[in-house]
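Trainee: I have not seen this structure before. Please take me through it and tell me how each term is decided.

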Amino acid sequence: MRAIAYAKTGESSVLHLVEREAAEPGAGEVRVRIAVSGVNPTDWKARVGSQPGAATPFAEVVPNQDGAGVVDAVGPGVDGLVVGDRVWAYLAAHERPSGTAQQFAVLSAEHVVPLPDAASFDLGASLGVPAMTAHRALTVSEEGPSRLGPGALDGRTVLVAGGAGAVGHAAIQLARWSGATVITTVSSPEKSALATAAGAHHVVNYRIDDAAAAIRAIAPHGVDQVVEVSPARNAALNASVIANHGTIAVYATDGGAEMTLDVRRHFALNVRYQFLLLYTVGQDALSAAAEDIGRALADGALPVGEDAGLPITRFPLERTAEAHDAVEAGTVGKVLIDVDRGIG
């Protein structure tokens, strides 16, 4: 089989196409024939590491956390998955050497989820990190639900920062599916169109609008939940629009790693800041997210593609380095790698 691998950290040039035998799944594992691999910022950041030229945690690492394909072999002790099942995978390379940038990936069965027949492999490979991060951000509010589904967010207003990004896109879709009024902020008319296509009820262009005034006009009593990609840059805005007992869920540090808060204002409003990271959130939260995402897929609530607000840029497996570079450069939408498009 063909795989992309690297043996030291660094720029995308450390990624190499290799030929190897497909490994057999062990206890609690399945082998998936990968159709499409998804690329996220976490993938190139893991490859870069803390410094170039450092040793990788395994002798060789296959990158990429997310992907979709068909179960090819099942190891001992695995229930609920059989050969031939269409599946999507998440956190494939977390503390493991076997990510999805390869034709056959041996994965933890805990991180492999059935993919409905109506859902494409492109959609399956676009879930994982973005959709599960969005789910977690929408379920950590003190007064909000712990699970998502139709009606779960009825009566609540959700503000999604960066609605044209992959996590923002999934947050808009999941929040709308769950009944929330969804506001999002974007930086251009083109991104406004994408956020609207994703399902946002209201889109605020923060480069030309007074964002706080625009959001307050939509939600006079404030927003109940914020899905935040840039906490330092948006701290003042969030303080201006958050409702009493509101929650700001932070999943990234775009725009700076340190922020300043108006302590008294946040005291007065009983505001909760909730930081989140999928790698350490625990399997119970991950399993709950995967289950709810499965329900959303069955309802057709998570489409991808330009018409759905998430343009797709694709590369063949041998150009994985270019795919990583595209994500690092901030390509709008979702970057996917065609690993084996011949899978039915």
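Mentor: Strand β12 (residues 242-250) and β13 pair in the parallel sense, over four bridges. This is a predicted model, in which local features need pLDDT of at least 70, side-chain atom pairs count only at pLDDT 80 or more, and totals for chains, interfaces and linings use all residues. Residues are numbered from 1 along each chain as its sequence is written, and side-chain values use heavy atoms, with hydrogens and water left out.

Trainee: How do you know that β12 and β13 pair?

Mentor: Two strands pair if DSSP finds at least two bridges between them. β12 and β13 have four bridges, so they count as paired. Within β13, Arg 272 stands opposite Thr 247. Strands (E, at least two residues) and helices (H or I, at least four) are DSSP runs, numbered from the N terminus.

Trainee: Which sheet holds these strands, and what is its order?

Mentor: An open sheet of six strands, in the order β10-β9-β8-β11-β12-β13, with parallel pairing.

Trainee: What makes β10 and β13 edge strands?

Mentor: β10 (202-205) and β13 (272-275) each pair on one side only. From one strand to the next, the twist averages 20°.

Trainee: Which strands does α6 touch?

Mentor: α6 packs on the sheet and touches β8 (157-161), β9 (181-186), β10, β11 (223-228) and β12. Contact means heavy atoms within 4.5 Å. The direction of α6 makes about 165° with that of β10; angles run from 0 to 180 degrees between N-to-C directions, and axes are lines fitted to C-alpha atoms, for helices over the stretch in contact.

Trainee: Why is α6 called roughly parallel to α7?

Mentor: Helix α6 (residues 211-218) and helix α7 (residues 231-241) pack at about 30°, with their axes 9 Å apart. Angles under 35 degrees count as roughly parallel, over 145 as roughly antiparallel, 65 to 115 as roughly perpendicular and the rest as oblique. That makes α6 roughly parallel to α7. The residues in contact are Ala 211, Ala 212, Ile 215 and Arg 216 of α6, with Leu 237, Ser 240 and Val 241 of α7.
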